[in-house]
Amino acid sequence: MGLFSKDIKTIDDLFTHTLRDVYDAENQILKALPGMAEKASDLRLKDVFEQHLGETEDRLRRLENVFQILGVTPKGVKCPAIDGILEEADDVSGETADEAVLDAALIASAQAVAHYAIARYGALFAWAKALGREECAQLLSETLAEEKNADRNLSSLAEGRINRKAA
Ligand code: FE
């Protein structure tokens, strides 16, 4: 999709484009999570990343379901935002020597990813509702709730002990 080709004319087009954007983002996240789990020292944090891996697969299946309902091909379009967030996560974790500080950095990176996803799924859910696509809205709301829950879990893990160990 070229920046000036004006391929997005309607809210339906925007809906499909953004679904493809998050489809690409989820696939990038799926590839990045095993490395994040490996870098984590705290066993609970490792578990959280592994659980996220399973949830990411669920989210991809839900998106494929939405594509099917809409009758459009399930495919991604490049999401430069997630590429940037993951690249930054990789840079910071590569430069962090202390194990506990690295755990704190990994959580902050995972939350940056979650917040991007919450922003996108929030818009997608609202557009599905506006377009009268109730079945799609239901699937998107499941993912949105899951992302918000993951974000809360990361916050409580950070505030509960990881940050204190790092400080
Ligand atoms: Fe994006």
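Colleague: R59 first. Is R59 buried or exposed?
Modeller: R59 is buried, with a relative accessible area of 4%. Buried means under 20% relative accessible area, exposed means over 50%, and partly exposed is in between (1.4 Å probe, protein chains only).

Colleague: What sort of model is this?
Modeller: This is a predicted model, where local features need pLDDT of at least 70, side-chain atom pairs count only at pLDDT 80 or more, and totals for chains, interfaces and linings use all residues. Residues are numbered from 1 along each chain as its sequence is written, and side-chain values use heavy atoms, with hydrogens and water left out.

Colleague: Back to R59. Which residue forms a salt bridge with R59, with N and O atoms 3.1 Å apart?
Modeller: That partner is E26, and 3.1 Å separates the closest N and O atoms. R59 sits in helix α2 (residues 43–70) and E26 in helix α1, so the pair ties together parts that are 33 residues apart in sequence. A salt bridge here is a side-chain nitrogen of Lys or Arg within 4 Å of a carboxyl oxygen of Asp or Glu. Helices are DSSP runs (H or I, at least four residues), numbered from the N terminus.

Colleague: And E26, buried or exposed?
Modeller: Buried, and R59 is too.

Colleague: How far apart are the closest N and O atoms of E55 and R59?
Modeller: They are 4.0 Å apart, and the pair forms a salt bridge. Both residues lie in helix α2, 4 residues apart, about one turn of the helix. E55 has a relative accessible area of 14%, so it is buried.

Colleague: Which residues are linked in a network of salt bridges?
Modeller: E26, E55, R59, R62, E142, E146 and E147 are linked that way.

Colleague: How many salt bridges does the count come to?
Modeller: The count comes to 13. One of the pairs is K129 with E134, whose closest N and O atoms are 3.8 Å apart. K129 is partly exposed, at 43% relative accessible area. E134 is partly exposed as well, at 47%.

Colleague: New topic. Where does T18 lie?
Modeller: T18 lies in helix α1 (residues 11–39). Its relative accessibility is 6%, so T18 counts as buried.

Colleague: What is T18 in contact with, leaving aside neighbours within four places in sequence?
Modeller: R120, L124 and W127. Contact means heavy atoms within 4.5 Å. The C-alpha atoms of T18 and Y121 are separated by 8.9 Å, though the two residues are 103 residues apart along the chain.

Colleague: Which backbone oxygen lies 2.8 Å from a polar atom of the T18 side chain?
Modeller: The backbone oxygen of L14.

How values were computed: Helices (H or I, at least four residues) and strands (E, at least two) are DSSP runs, numbered from the N terminus. A polar contact is a pair of N or O atoms within 3.5 Å; within protein, one must be able to donate a hydrogen and the other to accept it, and residues adjacent in sequence count only if both atoms are side-chain atoms.
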